[in-house]
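Okay, thanks for having me, everyone. Let me put the structure up on the screen, and then we'll walk through it together.

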Amino acid sequence: PAERQRAMLASLVSSVVAGEELVPGPVRLPASAAIGGAAPLDGTRTLAPLPEGRGRSTTIARSETVTLERVTDIDLRTGLILRNSKITRVRAGAVEQTSTTLLTVERLPR
């Protein structure tokens, strides 16, 4: 159905548009868990210029049991994400689970 097609296209587009304001300094990321009781993650965000009009945002935030590291490379002219990596570590006692997500956007050859 057309409604589902639009929703799918929107999800693809939203994954390459910088959705958060990239301001360096302290951050508080909201809690999100399938099972309630998760705490927000507190940390810091740094910004660094890269060549060719690009920038890099690095966010490291943690709670008692979760650590998140997100590195996002952005085209500063368009606001589009060029590369985004996210590493999430969840600890429960002596067990740690690590999840890594990597998104890259590459220009097609002409």
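This is a predicted model: local features need pLDDT of at least 70, side-chain atom pairs count only at pLDDT 80 or more; totals for chains, interfaces and linings use all residues.

I'll start with the sheet, go along its strands, and finish with the core and a couple of individual residues.

Six strands build it, and it's an open one, in the order E1-E2-E3-E4-E5-E6, with antiparallel pairing. Now, which strands stand at the edges? Those are E1, residues 25-29, and E6, residues 95-104. Each has a single partner strand, so one side of each is left without a neighbour in the sheet. And if you ignore direction, neighbouring strands are turned by 15° against each other on average.

Let's go strand by strand. E1 pairs with E2, which covers residues 41-50, in the antiparallel sense over 5 bridges. You can find Gly25 opposite Arg45 in E2, and Arg28 opposite Asp42 in E2.

E2 and E3 run antiparallel and are joined by 9 bridges. There, Asp42 stands opposite Arg62 in E3. So what sits across from Asp42? Arg28 in E1 and Arg62 in E3.

The hairpin of E2 and E3 has 3 residues between the strands, and in it Glu52 takes a positive phi near 65°. Notice that this is a positive value in a residue other than glycine. Is Glu52 buried or exposed? Its relative accessibility is 61%, so it counts as exposed.

On to E3, residues 54-62, which pairs with E4 in the antiparallel sense over 9 bridges. A hairpin of 3 residues joins E3 to E4.

How many of its residues are buried? The count is 9 of the 10, so E4 is largely enclosed by the rest of the structure.

The largest nonpolar core has 5 residues, namely Leu29, Leu41, Ala61, Val66 and Leu68. As a bit of background, nonpolar side chains tend to be buried together in soluble globular proteins. Take Val66 as an example. Leaving aside neighbours within four places in sequence, Val66 is in contact with Leu41 and Ala61, and also with Thr88, Arg89, Val90 and Arg91.

Last stop: Pro40. Where is it? Look in the loop between E1 and E2. With 32% relative accessibility, Pro40 counts as partly exposed; the range for that label runs between 20% and 50%. Pro40 and Arg28 are 12 residues apart along the chain, and their C-alpha atoms are separated by 6.5 Å. Not counting residues up to four places away in sequence, Pro40 touches Arg28, Leu29, Pro30, Ala31, Arg62 and Ser63.

Terms used:
Residues are numbered from 1 along each chain as its sequence is written. Side-chain values use heavy atoms; hydrogens and water are left out. Two strands pair if DSSP finds at least two bridges between them. Helices (H or I, at least four residues) and strands (E, at least two) are DSSP runs, numbered from the N terminus. Axes are lines fitted to C-alpha atoms, for helices over the stretch in contact, and angles run from 0 to 180 degrees between N-to-C directions. A nonpolar core is a set of buried Ala, Val, Leu, Ile, Met, Phe, Trp, Tyr and Cys residues joined through side-chain atoms within 4.5 Å. Buried means under 20% relative accessible area, exposed over 50%, partly exposed in between (1.4 Å probe, protein chains only). Contact means heavy atoms within 4.5 Å.
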